[in-house]
Amino acid sequence: MSTLLEIKSSVLRQVQVCPSFRRRTEEEPASGSADPPEPTAGAWKPGDGVEFFAQMRLILKKGEGRQGLPCPEVLLRSSSPAPAEPVDPSRGLRTLSQEEVDMLYEEALYTVLHRAGTMGPDQVDDEEALLSYLQQVFGTGPEEHAVAVERVKKAKAPTYALKVSVMRAKNLLAKDPNGFSDPYCMLGILPASGAVREPSPHKEQRFSFRKGSKRGGPLPAKCIQVTEVKSSTLNPVWKEHFLFEIEDVGTDQLHLDIWDHDDDVSLVEACRKLNEVIGLKGVSRYFKQIVKSARANGTAGPTEDHTDDFLGCLNIPVREVPVAGEDRWFKLEPRSSASRVQGDCQLILKLITTQRDTNMSQRGRSGFLSYLLLLNRLLQFEHRAEEPNSSSWRGELSGPAATVLCLHGAQSNLSALQLAVLHWQVSSRHHQTRTLDYGYLLGLLEDLQAHWEEAGSLPQEQEEGLADSFSAFSEFGLQLLRQLRDYFPATNSTAVYRLELLLKCLGKLQLFQPSFEICPFETELNMDIAAALKRGNREWFDKLLNTQSPREQPGPQRLAGLIKLADTIYEDLQSCYGIYASLFHSIIKVDFFTLTFRQLERLVAEEAWVLTEELSPKMTLEVALGLFELYLTLADIQRFWSSIPGRDSRSLALAGIHAPFLPAVKLWLQVLRDQTKWRLQGAVDVDTDLCEAALFYTELLRKKVDAQPGAAGEAVSEPLCVVLNDVELLRKAAGQALRGLAWPEGAAGLEGTLPRPLLSCTQALDEDLQREARTVTAHLTSKMVGDVRKYVQHVSLSPDSIQNDEAVAPLLKYLDEKLALLNASLVKENLNRVLEALWELLLQAILQALGANRDVSADFYGRFHFTLEALVNFFHAEGQGLPLESLRDGSYKRLEEELRLHQCSTRECIEQYYLDKLKQRSMEHNRFGRLSVRCHYEAAEQRLAVEVLHAADLLPLDANGLSDPFVIVELGPPHLFPLVRSQRTQVKSRTLHPVYDELFYFSVPAEACRRRGACVLFTVMDHDWLSTNDFAGEAALGLGSVGGVARPQVGGSARASQPVTLHLRRPRAQVRSALRMLEGRPNKEAQEFVKRLRELEKYMEADP
């Protein structure tokens, strides 16, 4: 191989890569002198062609990766952290004064010290831990903290209140005769003793939860509240809200009764309502009510209650209400063991404060504002500066922080919508001072949207604050989108994902736009986004232009920078199409790619027009080469637009850009013509030596291996594998080296092609090396012939008692071991060659084994059929080996046919003999001639009518150039027609176009004619008086297609049916193989069939 590599290196050394035009231009020192001088006629000598073509190769190589549309998987090459986004501390919430900080500190301490309700499992219930946490948040010293705590403890305790929302009940007990009830709720606050607390100090006034018959007196609103009555239902829905003052959180409890409302009725009225009764249970219930009313004479005293029925009650200690409130179904309880109740009631409970003795409350600061300031303070503390990757922080608060916020939100009576608004306002502002995860912000917006759809409104001041936060965040997002390529580069998958989340956040803001009475956006947000993108594109282009191709530089130096600029724009457009476009279109409905392409394409086209007009009068070869490179990039940009379905490039600014490049192309083509001639001459000089050296090298390798003695019993020779691999490697390397001498890239109509002499030399070398590889392959597999035959013989000699898989197992094990060695030693192409050769070797070995074993059982052939299929699966290897098409071709078809015939019974083999005759199709229609016949079945007479009409273009079998033909007509197979004899026509002398018009009848049942393989066989013979008759041809006609066989023929006769033209032919190998199988069978039926065919031949010879 070293000799060949030296030859290849000497050839490729002529096309070494040299510095490109761009790099050479950059290395030239800047000069403010006059224009460069015009090149002389001999500036490019023939020997300089290496540099010329090397430059062209570098230029055109850029276009190889610009075919087709970009794939996102190719563009996203990095998963490193995204670039840091700009932050501005001034964009956050305003900084508090020290007095405001002290007031907020007092508010937080007051919230913790006067907490009420039950803590949840995720909340911190340790007062000291919460106070210590607040000390850290506000940065106070121990003494200052102790003084503040003591001052808050001396303050007046807050006034507590319980918010109760009675939502609905279900599965209540039916108290009315119609199977329903008319439920209503009575609820109030009970002290620990169980008596209702009165609003006034008059102890003599008492109120019972059991409602009296007289409803004129007012109910004490502070203690007892009543819902509306819901008529005729067992699943009432109230959705009524109540507020109860709490004096002692630790001992007070909420009591709720549910009653069935029944007005006072007389006996007559009760009877009148009997038509409303539903079911027998209702009748019984109404009967009891009528009896009860009759006994009381239809009246009820002022202290007795014969009207409202008890449906259940609830007793809920106030101290058990969770701090965050709860929305829960409560199971109704009875008043006593004798009460019968059922059902559940849904309540929403929340413990709040109505009066707080803090400076913020005294100064009129709402709980909404204090919560906002407290959340901002906690968020800044939790989002520590020393956190390693703060941009991925998702606002996870610690246990003490979450507990303090939950306590303050509940005590300030903030709704779920207000809490969602506050968290968004604070987090979105904080994000602009210290980056957060956009997924966290998107979750806040989704939570805000869900609560907004439920509540739908806020106080005006709070709505204005929310609108301001939307405006600030959208302004911040638009600033990032203007610098899209800096903060969200398309090659960084992490940054692209952050961009996707940012766009989703902006898309959520669009959903709120029509919901505000005070709209935060002056225009549609997607219009603002499009304007920001346009502005960002222009700023990015101007920055690139000033950096790479400043207008104050001379033309040739600007050209190199403009080439870089065009390449950068092409790559950017690929990113826009493959990455950004789908995000902007799917999320905020902005066509980012079209917007960017048209803007950048117009800008770069303007720069190209100006520069080409400046350089045209000063054209040199280097300038021409640079302009050619620029033109190719601009053409790629234009072609990239055209490759997108539905885009037309005629409206682009680059549509006519080729015109100013024509002078440069003309000069470039002149140089190309001269350099191409030199390149071709060099190719012709080197191709012959390279081909001869390659062939000589392979011969030396093979002779060296043949001279080495092989190890005894070695079936797989490692040196032969090495030689085979070297031959394949040599074939590839030589082909690559010769293709390197192809026509220079860019030559019109000849790109990538070889000159005709070099092409023929390359093809001849490839054929020679392929033949050498086949020779080495045959030499390698020949060492396995003996082992293969031995294992095939083992399969043939295995007794019938052994299973098929056990018989073939040694052969498969041997092949598996040898192919494992070959797989480890050979390259893929050579392994396929060896597999193909070994497959043919196995097929031939099995055919030899079948030929050596005659007169054996059908199980013998079934075993070899199993072996054949096992070998097919082995060599196919589930698609990793040889394809099934090549495995089931050639010798395989012959072997499979022979195995199939051996497995058939004698009658099946006879039927196959006739089926093969029917399947034959004459490929040479004019060689043996044609025979016209007409057949039909007469069902009434149970006979088959066969009329031989005429023949044409028969073979001349006599010396006079003519024949004496006659036709033998017979039915087959014989076991279907055992009593039918063959018949024949008259002999027609001296003609090749005989006319017979003879009709023959065969008495056969229609069922036999429908059987598999049933046919009429026509044999045309040439009659000879002094010697045996000569065979002229034969044809077969299946009886299944004859009229009257499948179904009775209606009307007409044999002469009325259409004639059939049959093409005569000779029996082919497929038919003869079935006959050979019958000749080798010893059973009587097979021998009689063969004997009958022989007697028919003798009869034709003896009886004219």
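Between which two strands does the loop that holds P973 lie? The legends below, drawn from a predicted model, start there.

**Close-up 1. A cis peptide bond at P973.** P973 sits in the loop between β11 (965-972) and β12 (983-984). The bond joins G972 and P973, with omega at about 0°. Most peptide bonds are trans.

**Close-up 2. The largest nonpolar core.** This core has 127 residues. W424, L481, F584 and L634 have the most contacts inside it. Helix α19 (residues 555-588) supplies the largest share, 16 residues. Setting aside neighbours within four places in sequence, F584 touches L481, L484, L499, L503, I529, L533, K589, V590 and F592. Another core, of 44 residues, lies apart from the largest one. Among its members are L724, L811, L842 and L847.

**Close-up 3. Helix α25 against helix α27.** The axes of α25 (residues 785-797) and α27 (residues 828-852) come within 10 Å. They cross at roughly 45°, so the two helices are oblique to each other. The crossing is right-handed. From α25, V785, V788, R789 and V792 meet L838, L841, L842, A845, I846, Q848 and A849 of α27. Nine of the contact residues are nonpolar, one is polar and one is charged.

**Close-up 4. Positive phi at N171.** N171 is not a glycine, yet its phi is about 60°. The residue lies in the loop between β1 (159-170) and β2 (183-190). N171 is partly exposed, at 45% relative accessible area.

**Close-up 5. Positive phi at K589.** K589, also a residue other than glycine, has phi near 60°. Its place is the loop between α19 and α20 (592-615). K589 is exposed, with a relative accessible area of 58%.

Definitions and conventions. Residues numbered from 1 in each chain as written. Predicted model: local features only at pLDDT ≥ 70, side-chain atom pairs only at ≥ 80, totals over all residues. Heavy atoms only, no water. Core = buried A, V, L, I, M, F, W, Y, C linked by side-chain atoms within 4.5 Å. Buried < 20%, exposed > 50% of the residue type's maximum accessible area, 1.4 Å probe, protein only. Helix = DSSP H or I, 4+ residues; strand = E, 2+ residues; numbered from the N terminus. Contact = heavy atoms within 4.5 Å. Axes fitted to C-alpha atoms, helices over the stretch in contact; angles between N-to-C directions. Parallel < 35°, antiparallel > 145°, perpendicular 65-115°, else oblique. Left-handed = near helix turned anticlockwise from the far one by under 90°. Nonpolar A, V, L, I, M, F, W, Y, C, P; charged D, E, K, R; others polar.
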